[in-house]
Structures are given as structure tokens and as C-alpha cells.
Amino acid sequence: MNQRAEKMEVIQTLVEYTGRLINGINEAVNSFHEGMEGKGMDLVVQIIDGLKWSMEAISLTLDVQVEPIDISEMIEPFNAMVEALENMDYVLIGDILEYEILPKVEEWNQKLILTIGA
């Protein structure tokens with residue numbers, strides 16, 4: 001398998017993974033909104049791990065992406081998330097997930113689907 005084919009395989013995995021990540025973010029947001037902070041925090045840990053893996057894979061496949069993804073746009077929401085976690089502000093954590101991180105992951109998913117379709 002050549003390098004491009006391997007990268008396209010990674011992108012296929014990323015499409016599936018970001019889809020599951022979107023579902024996980026929505027579940028965490030719902031948990032925070034319903035006052036189930038423990039469940040929400042368990043999901044946040046998994047979401048952060050998932051975002052880290054996704055950003056590494058996105059960086060490795062940047063040269064084959066039809067619309068390259070700029071992962072640096074996640075820095076500001078991550079910094080806001082760290083501050084919210086330090087303050088144990090569950091409402092803010094839910095808001096950052098819902099209004100800052102989720103739209104970016106959804107955008108990544110659409111750009112990755114576009115690459116697979118190319």
C-alpha cells in the first residue's frame with residue numbers, strides 16, 4: 001500500500017471516529033445540562049483523548065485533505081476548557097463543548113468526508 005492509500009485509510013477511520021466523537025460531545029453536553037456532572041466529566045476525559053488522537057491524525061494526513069483542516073483553531077477552546085475545568089464550572093464546560101468544540105469537530109467531519117469523496 002502506498003503512502004497516499006495509507007493516509008486515505010486513516011482519513012476513513014477519522015470520519016468514523018469524529019462521528020463517534022460528535023455523539024460523545026452531545027452526550028456530555030446533555031449530561032451537564034441534566035446535572036449529571038460525574039458522567040459528563042467521565043465523557044470529557046474521553047473527548048479530550050479523542051480530540052488529541054484526531055488532531056494528530058489530521059496533521060499526518062494534511063497533504064491529502066481536499067480542504068485542509070486547521071487544528072490550531074482548537075487552541076482557544078482548549079484554553080477556555082482548561083480554565084473551566086480548573087474552576088469546576090460545569091455549565092461553562094458544557095457551553096464550550098456545545099458552542100465551540102462541537103461545531104469545529106462537525107466541520108472536521110464534513111471536510112474529511114469531502115476528502116474521501118474526492
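The model is predicted: local features need pLDDT of at least 70, side-chain atom pairs count only at pLDDT 80 or more, and totals for chains, interfaces and linings use all residues. Residues are numbered from 1 along each chain as its sequence is written, and side-chain values use heavy atoms, leaving out hydrogens and water.

**Fold and dimensions**
- The protein chain has four helices and zero strands, in the order α-α-α-α from the N terminus; helices (H or I, at least four residues) and strands (E, at least two) are DSSP runs, numbered from the N terminus.
- The C-alpha trace spans about 50 × 20 × 20 Å along its principal axes.
- Of the contacts (heavy atoms within 4.5 Å) with a separation of 6 or more, 72% are between residues 24 or more positions apart.

**Burial and charge**
- Of the 118 residues, 38% count as buried; buried means under 20% relative accessible area, exposed over 50%, and partly exposed in between (1.4 Å probe, protein chains only).
- The 7 positive charges (Lys and Arg) and 22 negative charges (Asp and Glu), with His and the chain ends not counted, have mean positions 9 Å apart, each charge being placed at NZ of Lys, CZ of Arg, CG of Asp or CD of Glu.

**Aromatic pairs**
- The whole structure holds two aromatic pairs; rings of Phe, Tyr and Trp (its six-membered ring) pair if their centres lie within 6.5 Å, and planes under 30 degrees apart count as stacked, over 60 as edge-to-face and the rest as tilted.
- Phenylalanine 32 and tyrosine 90 are stacked because their ring centres are 6.0 Å apart and their planes are at 15°.
- This pair links helix H1 (residues 3-33), which holds phenylalanine 32, to helix H4 (residues 90-117), which holds tyrosine 90, 58 residues apart.
- Phenylalanine 32 is buried at 7% relative accessibility, whereas tyrosine 90 is partly exposed at 24%.
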